[in-house]
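The exercises below are to be worked through with the sequence and the model in view. Each task is followed by a solution in steps.

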Number of protein chains: 2
Amino acid sequence: MIAERMEALVKNNSAIRAMFEEGNRLAALYGRENVFDFSLGNPNVPAPPQVRQAILDILEEEESTMVHGYMSNAGFEDVRQAIADSLNRRFGIHVSAKNLIMTVGAASGLNIVFKSLLNPGEEVIVFAPYFVEYRAYVTGYGGKLVVISPNLETFQPNLSELEQKITPKTRAVIVNSPHNPTGVVYSEETIQELAAILNKKEKEYGHPIFLVSDEPYRELAYDGVTVPYLTKYYRNTIVGYSYSKSLSLPGERIGYLVIPDELEDSETVISAITIANRVIGCVNAPSLMQRVIRRCVDVEVNLEAYDRNRNLLYSRLIQYGFECIKPQGAFYLFVKSPVPNEMEFCEAAKKYNILFVPGTSFDCPGYVRIAYCVSYEMIQRSLPAFQKLAEEYHLPGSGSCHCEIEKQ
Amino acid sequence: MIAERMEALVKNNSAIRAMFEEGNRLAALYGRENVFDFSLGNPNVPAPPQVRQAILDILEEEESTMVHGYMSNAGFEDVRQAIADSLNRRFGIHVSAKNLIMTVGAASGLNIVFKSLLNPGEEVIVFAPYFVEYRAYVTGYGGKLVVISPNLETFQPNLSELEQKITPKTRAVIVNSPHNPTGVVYSEETIQELAAILNKKEKEYGHPIFLVSDEPYRELAYDGVTVPYLTKYYRNTIVGYSYSKSLSLPGERIGYLVIPDELEDSETVISAITIANRVIGCVNAPSLMQRVIRRCVDVEVNLEAYDRNRNLLYSRLIQYGFECIKPQGAFYLFVKSPVPNEMEFCEAAKKYNILFVPGTSFDCPGYVRIAYCVSYEMIQRSLPAFQKLAEEYHLPGSGSCHCEIEKQ
């Protein structure tokens, strides 16, 4: 009845729904407060108060037919210029309104990039683990996703494998830093090395290879770590951004793309992406939220709340004997499963009312993603459950070390 | 540099931009108030005051993480139920929350329908004249648009040609009533006849043919005319709706799809479309606007304003000698060009600072679309210009009938 392209997606989706329903089942049995759902990347920190104030001021000061009306498919020019000014100031780049396209979140931003750039059979490279919907974004426009295997030591991108896997058909490489699901921030050194490889391969094949930087977590970086702005390192870079995390507006679907002048044939690419925004049906990013961004362009997320969560959960999980890279960004821990099949580990966790996402969902089995964009109190309440889970696997810090290696 | 699929679109787009720039050029020369731009379908009637009040109340009464947060990809359940209740009450249908999917406007609603239903090479039938982006929506997912020629007498759909053009590859038929660009409302008789043909062809070919009803103008119907609700006439109907016109929120991108239980394999189709909403990158309809709809579900547009415009402009154009069907819906007049090539007519109109859209843009040359969703005062100011334009063509009512046939 439905298109063939949708059949596998519908099938996979029932797994996600099953987890959602499992959460509801546990909540009904044990009470919502006794279920520790770490499966969703939905910020628990409310939107900053400036967002509310901006909406009130807009309703007071701006004209309704403008606030809720059509504008250029690229978005309001003053909004784009305000963002450009902020980016220029913060990252030392040189863009203006014409280099920005307001999008219905980062997800539709990526869709219109691939709609605009990919011919059937062209390849897009991604580093595992990765946000699994990239595959649908790429194949939806006839592209082929090529996966680079994970570097399990550091979760920095595996650049030697990248170099081997670039072919004449490679059209783009996706990077995502701060990274979902590992929380890793790509270092400047990594970015420089990546740029060098892409430059070399561009010359070798005689056509551009686009670097698509998906950055919804840019503002969520801890320990004072710097997140390099990629257009400064590689000319054929397109940046996709979203205010879902930085202003806690995930439901509003508001983000933008940056296509700098340095990008090859920049003007044509900007035209194509602007038109793609229209013909995939987004038309334009939601207008009131664009007006809000205009007024909140430098408003900062409550980073301390996430950082507090990060420190508590990370330190305790390590103490209980779990293995995990300490994340420097985003709001996820990517924890090694104590058993090779992490699905088993997920099942075991459910016995303690803990829910998280198997690494297989990020093309990286043997790990699980724990989203700590939840209340601090829930993390506190969950700790005894995590400790019991560690005990079940006789992890070294679980307090039941009588047979540590038995379950290895 | 860009994908082949985008090349023609980028090229065509420069024509639209050229008109936009022509408007700006004329405004700079003669003053904005002396340019009569009838080219855009952007409502000039502001959003009803209840929209503003709803936003204020939501900010006061509802929780920020919910108002701006993720929800099911189909949308908030209470919003969908509120719309379902309203539809059931107003049109005597029987739907509930599960039959509705909130969408980023009607345009993305149509996109996710075609993404979910079309296999490569399958056909979608449309009646000329039609909103030209339907072609991009259909071909974007591998489909082929099949065009039925216009019925120039009534602009009701040409059903005998429809019957001939349905093939085993026909997957869907798009209808749009009240109609852009003609303002025609499809009569109940037309719908019954259309349904009979589709039922017959479904039996003949042994698979469903979906009727996709694109209804952003449903609430804009004059003279007390009834707009039939199509799910009541044909079981395999999917309705696409938008609040762009009925609440004057075109920039907000808020609408919905109705997929009734009667539709074949309804549950799978609903799943596929919900997932398509996510993977084309919309993810969900903007959350605050969903909450607004919940509170404004029965709010009515200021129809009198449009009706006043319609009556003034229609009566005067007829008086000046132009030929046009009297529209019963939407906010457009589809006027016959006095010369076969309507591009010439558009050029002539520009001399009087009048801008409208050539029928070729709707696959119906020889006509022009005049959008009267503008201020009454602008229509009043434009009338002498229209009269001069009529005089140029020596139309019978223009007051210069000395050589009517000269320009034929």
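**Exercise 1. An aromatic cluster**

Which residues do ring pairs link into a cluster with A:Tyr130?

Solution. This is a predicted model, in which local features need pLDDT of at least 70, side-chain atom pairs count only at pLDDT 80 or more, and totals for chains, interfaces and linings use all residues. Residues are numbered from 1 along each chain as its sequence is written, chains are lettered from A and ligands numbered from 1 in the order in which they are written, and side-chain values use heavy atoms, with hydrogens and water left out. Rings of Phe, Tyr and Trp (its six-membered ring) pair if their centres lie within 6.5 Å; planes under 30 degrees apart count as stacked, over 60 as edge-to-face and the rest as tilted. Through such pairs, A:Tyr130 is linked with A:Phe131, A:Tyr134 and A:Tyr137.

**Exercise 2. Aromatic pairs and charges over rings**

Determine how B:Phe91 and B:Tyr229 are arranged, and which charged residue lies over the face of B:Phe91.

Solution. Over all chains, the count comes to 38 aromatic pairs. One of them joins B:Phe91 and B:Tyr229, which are stacked at 4.8 Å centre to centre with 20° between the planes. B:Phe91 belongs to helix α4 of chain B and B:Tyr229 to the loop between β6 (210-214) and β7 (237-242) of chain B, so the pair ties together parts 138 residues apart in sequence. Both B:Phe91 and B:Tyr229 are buried (under 20% relative accessible area, with exposed meaning over 50% and partly exposed in between; 1.4 Å probe, protein chains only).

Next, consider the charges. A charge sits over a ring if NZ of Lys or CZ of Arg is within 6 Å of the ring centre and within 35 degrees of the ring normal. B:Arg218 lies over the face of B:Phe91, 4.7 Å from the ring centre. In chain A, the charged end of A:Arg308 sits over the ring of A:Tyr376, at 3.8 Å from its centre.

**Exercise 3. The sheet of chain B**

In what order do the 7 strands of the open sheet stand?

Solution. Helices (H or I, at least four residues) and strands (E, at least two) are DSSP runs numbered from the N terminus, and two strands pair if DSSP finds at least two bridges between them. The order is β2-β8-β7-β6-β5-β3-β4 (chain B), with mixed pairing. Since β2 (100-103) and β4 (144-148) of chain B are at the edges with a single partner strand each, one side of each is left without a neighbour in the sheet. From one strand to the next, the twist averages 20°. The antiparallel strands β2(B) and β8 (residues 255-258) of chain B are joined by 4 bridges; B:Leu100 has B:Val258 as its bridge partner.

**Exercise 4. Strand β12(B)**

Solution. Of its 5 residues, 5 are buried, so β12(B) is largely enclosed by the rest of the structure. B:Tyr367, B:Arg369 and B:Ala371 point one way, while B:Val368 and B:Ile370 point the other way. In a regular strand, side chains alternate between the two faces of the sheet. Strand β9 (residues 332-336) of chain B runs antiparallel to β12(B), joined by 5 bridges, and B:Phe334 stands opposite B:Arg369. Strand β11 (residues 357-358) of chain B is also antiparallel to β12(B), with 2 bridges; here B:Val357 stands opposite B:Arg369.

Methods: Axes are lines fitted to C-alpha atoms, for helices over the stretch in contact, and angles run from 0 to 180 degrees between N-to-C directions.
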